[in-house]
Every structure is written in structure tokens, then in C-alpha cells.
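Please read each point beside the sequence and the 3D view.

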Amino acid sequence: MLKIQNVKKRFIRVNEKKQKEEFWADKDISFEAKDGTIIGILGPNGAGKTTLLRMIAGILEPTNGSIEFDGLNFKENEIEIKKNLAYLSGNTKIYQTLTTYELLKMCCDFYGVENHLAKKRIEQIATNLEMNSFLYNKIGKLSTGQMQRVNIARCLVHDPKYYILDEATSGLDIISSQIILDFIKKEKERGKTILYSTHYMEEAENICDEVIMIHKGNIIKKGTPESILKDTKTSNLRDAFFKLIEGEQNEK
Amino acid sequence: MKNNLKNIFKKEIREMFRDKKSLSMMLIIPLMIPLLVLGMSALFEMQLNKPIEQYNKIGFAYELSEVEQNILKEMNIDYQIKTLEELEESYKRNEINLYVKKINNTYELHGNDKESTTFAKNLIDSYFNVYKEYLQQEYLNKNNINPTDILQIINVENKIVEEETYFANYITNYAFLFIVMAITVSATYPATDSTAGEKERGTLETLLTFPIRSKDIILGKFLSVSLSSIITGFISLILTIISLILAGKMFKIYEGIDLMLPPTSLLFASIVILCYSFLISGLCISIASRQKSFKEAQSALTPLTFISFFPGMIAFMINLETTPVLSCVPFLNFTLLFTDITNNNANILNIILMLISTFIVITLVLTIIIKQYKSENVLFKS
């Protein structure tokens, strides 16, 4: 189980007057993700989703609060946690000079997958994701959709327990997006925990077990999509989100 | 997972050998050495063996005695006797290389800073020495004094290394200094590409999500950059030796000099190349990994290129000699030891001190950068 408790993240940035100022990307985030669930992190651009997911993936360090994977934290068990994690964002870049096979083999090596297992696993993943036609092509020469499939394959080689997907469908065409959504569903069926951030509310409504709505670094609502719709008396998550923001502004 | 240092090294080497720029830095820079050695040798030889016909036309604005004319003929000086105005015109038209004016007992040499005038001036200096000696002998003879008693009252024997050897040593030292520079250039590009370049391409974020310790990432990158520098260093050393042997056969300035390094000197040269490659790679990695972009990293590494070269050049200029203390000074020690190696007087103590000081510097630099190499610092600190 993934447990996030009172996580805050502060950045120091330089303003137009060249003075340093504090900026809280995430203010006080707490939630839990049970095994075998898909948690949707929803919010507009700049809400703090990417910062939150980067902290969960161990790329950023929280200013306050704790992140625990099955009782382990990054300070003491970084390598152990990362062995069970896969992080994929819409901006994730992969090595252009390698072939798809070389990249996947390199990832297997990094995760400590034994050689005889690695070859089998790569072949299996390539078949499942229909990558055989470009398995030995240089990544730099692949299309955006093919590249995103390679990225998914990269996340699968070590069979992780947790997936952290940040705007993974952003900028992709409808077919490539569907490949990622199918992958998420399949992995959930295999008992994996998936944190999935997006600003496409309809997408989240369809696949998430639970949704966490973030606005300006704060959680404004969390629950199942059905419960959120019921509480906000709306028919979709987009309307629900706007209603919640309106309510927040009125309160102020 | 325990092998992640090996995996990072493998990844970096694969990227490096597939990148045309890294490869060309590694392999093409050493090719400059034969050009430098052969070019400098040809230049110096041209200077030393300049045909006398190119600078022996000397004008005299006064009447020359028979004795003077004989000395001039003996010295193969093509002399002309004209008025001062005529000589000035001849000099302007490049018909003569220098002209001499006489006022009482003073002889004035006229000309400007042309190369042929400089050579002609050396020639006429020799002529006046001979003529002066003749006049002194004649004076002493007239006064019944044995000229030998006065003119050779002391004997001076010239044991100074001949000018030809000086030029040969100069070229050899510069060739070895160029090895240092080639190694620096070879380390700079892959170090920039594997740190700031990887950050700019966005793949570093991906790399940092893998279960790899910062230590393995830095050491893997350090070892791959070191390998590139070592390859350049040894190619440069081989090309230096080959081009010196070739130059030795082609140019007279190397006559009487054994240009083949003995096995011990080759061993010492290899140790210096290895140490310098590791040091410069460590420094390049530590500087470039702190930069946000490839361009920033290149700018940050430019001073290092100069630092690697200038101490050695200054050491040549002031004829600095290797001491145990100087053997511990990074950058300076490598050039000084190379000079000792080419002169076959390298001291084992100085080599050991250089090894120890290099090891300490590399360890310090890498320890600092490994401690700071947390994903947040590396990716987002500005």
C-alpha cells in the first residue's frame, strides 16, 4: 500500500525583480492507495500534480511529510522502493541512439533482471504491445506512438508493483492513448497499483477507482468518481471540478 | 543491481562510440600531433639552414681596404660599395639585406626588422669580429707583442648544447604538452554530453528513476570519460613517437639525438597519461554535471582547457625543474614529468608523488559530486 501523509513541497524561485520568493507547489497532501487500485490525480496545469508524482517517484524530495511504499520510505530504502516502481510521464525521454531491444535490455540490467529471463520478457512484452516490427530499429527513428509504446515496455520489464503515470496520454493521438489506457486496465487486473494524473477528466472517470482533485497545491476533493458526482450533484467530473472551485472561491 | 556501475559504464560507452562528435574528438585530435611535430621541425630547419645567398648582400657606404675585401670574400659576403643615398635606395628595392655606414672609428649597421636583415646582421657581426681580431693582431705585432699572449690570455671551451639540439628538445617538449591538451579536449566533450547533455535531452530524469545509486551513475560516467581520454592519450603518444622518429630521419636539426624513448620512459609516460586522463575526466564530470545545459557546461569547462595548458607553457618558458613539491601540483606536475621523461631523467619519487596527489584530488572531487548528485539538485536546481 502507498501512504502519503501531509506532503508539502516548497520551491524557491526568483521573481521579476530578481528577488527570491517561496512557492508552495503542494501544500498538504494526504491519501492512501490500496493495492490493485487506479488512483486518478486530477487538476488543471500548474495544480501541483507533476510535483506530487515526482515526489512519489523519488525524483523530488518533499519539504515536509512522508511517502511510504509498504512501510518503506525513500530516505532509508530508495533502491528497494525504486525496484518496485515504474515512472512514465508525457515528457519522458528515452535514449535515441539505442534500438528498442537494447533499451529494454538496458532497463532489465538496471533492475537486475537475469539475462535468460530478460530475453523472454522482452519478447513477450514486444508481442503484447505489437512492437516486433520495430524491436531492432533505432528509437530516434520511431513515431511518437511507437516511442510511447517503447516507454510503456520500459516500465514493464521489471514487473513493478506500482506505476506512476504523469499525463502519459498527453499529446498522443487517439490510438496511442488507447494503448496506454488498455495497458493501465490490464495492469490493474494483475493487481498493480496505478497513480494516474491527467487533465482529461473523462478519461479518469472511465478507468479510476478513486479520484483526487487538486487545485493550487491542495486536495479539493477525493473519493470514487460516483461519490464525487453524487456529492457535487453533477453528471461528470469536469462539472464537478468547476463546481468545487466555485465553492472554494465563494468561501474565500 | 550490484552491477549497475558496470551497466552505466556500458551504456555510456555505447552512446559515446555511436556519437560521431565524441568519436572524432577522441580520434582526430591526436592527428594534429604529427602535423605539429613535422611542421615545427620544417620551420626550425628552414630558419637554421637558410641559404646564405638569401641574406649575404651587404652594402658599404665607405671605401674598403684590400684586407676587408678579402675577409668579406672569404666569408661569402656579396658586398657592394656605393654612396649612402644609393645604398638606401638599394635597401628599399630589396637589392641588399643590410648596409654599413662609417663615421670615424664607428660603424653603423642600417636596416629594419626584416627577417633577412636579422640574418645579415648576424653575418656582419661575425665579419666585424674577424676584422677586429685582424686589427688587434696587427697592432700587437707592430708593438712587438706576441698576439697569442694577449688575445688568448684565457681559453674558453664551448660545452653548451648545440642550437640544433635545443630546437629538437623544444619540439619534443611541445609535442608532449600537446598530448596533455589532446587528452583535455577528448575528456571535455563526452563529459559534457553524458552529464549536461543527458539532462538537456531529458533522459537523465528517466535514468534517475531507476534503482541506481548516485555513486554508480557518477563513477560509470567518470570511467567512460576516462576511457575516452586514455584512448586519445595513447594514440597521441604513439603518434608523437612515430612523428618524432620520422622527423628525425627527415630533418637535420635532430642529428645526433636519440628520439626513441627507452622502455622505462615509455612506462613513465603511460603512467602520466593514465593519471592525467583520470584527473581531467573527474574534473570535467564534476563541473559539467552541475550545469543546466550543454552550452553552459561547455562555457564552464573552457577555463579548464586553458588551465591544463598554461602551467606547462609557463614551466617551459622559465625552465622550471621538477621538485618533489611541484610533483604534487596538479597540471604542472604532468608537464614537468613529461619534460623529464623526454630528457630521460624522470625520477621515480616524483612519479609516485604525482600518483598520490592525483589520487587524492580525484577522490575529493568525486566524493563531493557524488554527495551532491541527488535527483532534485541535478535536475531542478537553478
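1. B:N155 counts as exposed, because it has 5 C-beta neighbours inside 10 Å, where 12 or fewer is the limit for that class. This is a predicted model, and in it B:N155 is found in the loop between α7 (147-151) and α8 of chain B.

2. The domain assignment of chain B gives domain 1, made of 4-45 + 162-380, and domain 2, made of 51-151. Taken over C-alpha atoms, the centres of domain 1 of chain B and domain 2 of chain B are separated by 53 Å.

3. The overall dimensions of chain B can be set beside this. A compact globule of 382 residues would have a radius of gyration near 21 Å, but chain B has 30 Å, and along its principal axes the C-alpha trace of chain B spans about 100 × 45 × 35 Å. Chain B has 15 helices and four strands, and 38% of its 382 residues count as buried. Among the contacts in chain B between residues at least 6 apart in sequence, 76% join residues at least 24 apart.

4. How does chain A compare with the globule rule? With 252 residues, a compact globule would have a radius of gyration near 18 Å, and the 19 Å of chain A agrees with that. The C-alpha trace of chain A spans about 60 × 40 × 40 Å along its principal axes, and the chain holds nine helices and ten strands. Buried residues make up 42% of the 252 residues in chain A, while residues 24 or more positions apart account for 68% of the contacts in chain A with a separation of 6 or more.

5. On confidence, chain A averages a pLDDT of 89, and 98% of the residues score at least 70. Among the elements of chain A, the lowest mean pLDDT, 80, belongs to helix α9 (residues 237-251), whereas α3(A) has the highest, 95.

6. Where do the two chains meet? In the contact between them, 19 residues of chain A are in contact with 20 residues of chain B. On the side of chain A that touches chain B, the elements that give two or more residues are α2 (74-83) and α3 (100-111) of chain A, and the largest share, four residues, comes from α3(A). The residues of that side of chain A divide into ten nonpolar, four polar and five charged.

7. The largest nonpolar core has 143 residues, and A:L42, A:V157, A:I164, A:L195 and B:C284 touch the most other members. Helix α8 (residues 163-201) of chain B gives the most to this core, with 15 residues. Apart from it lies another core, of 15 residues, among them B:L72, B:Y79, B:L87 and B:I96. In soluble globular proteins, nonpolar side chains tend to be buried together. Not counting residues up to four places away in sequence, A:L195 touches A:A33, A:I39, A:I41, A:L53, A:I56, A:I164 and A:L165.

8. Is B:I71 buried, exposed or partly exposed? B:I71 counts as partly exposed, because it has 19 C-beta neighbours inside 10 Å, whereas a buried residue needs 20 or more. B:I71 lies in helix α4 (residues 66-74) of chain B and, leaving aside its neighbours within four places in sequence, is in contact with B:Y127, B:V130 and B:Y131. The C-alpha atoms of B:I71 and B:Y127 are separated by 7.3 Å, although these residues are 56 residues apart along the chain.

9. Two backbone angles deserve a look. A:E130 has a positive phi of about 55° although it is not a glycine; A:E130 lies in the loop between α4 (115-128) and α5 (144-156) of chain A, and it counts as exposed because it has 11 C-beta neighbours inside 10 Å. B:N76, also not a glycine, has a positive phi of about 65°. B:N76 lies in the loop between α4 and β2 (78-81) of chain B, and B:N76 is exposed, with 10 other C-beta atoms within 10 Å.

Conventions. Residues are numbered from 1 along each chain as its sequence is written. Chains are lettered from A and ligands numbered from 1 in the order in which they are written. A nonpolar core is a set of buried Ala, Val, Leu, Ile, Met, Phe, Trp, Tyr and Cys residues joined through C-beta atoms within 7 Å. Two residues are in contact if their C-beta atoms, placed from the backbone, lie within 7 Å. Ala, Val, Leu, Ile, Met, Phe, Trp, Tyr, Cys and Pro count as nonpolar, Asp, Glu, Lys and Arg as charged, and the others, Gly among them, as polar. Domain bounds come from an automatic or database domain assignment. pLDDT is the predictor's confidence in each residue, from 0 to 100. The radius of gyration is taken over C-alpha atoms; the globule rule is 2.2 Å times the number of residues to the power 0.38.
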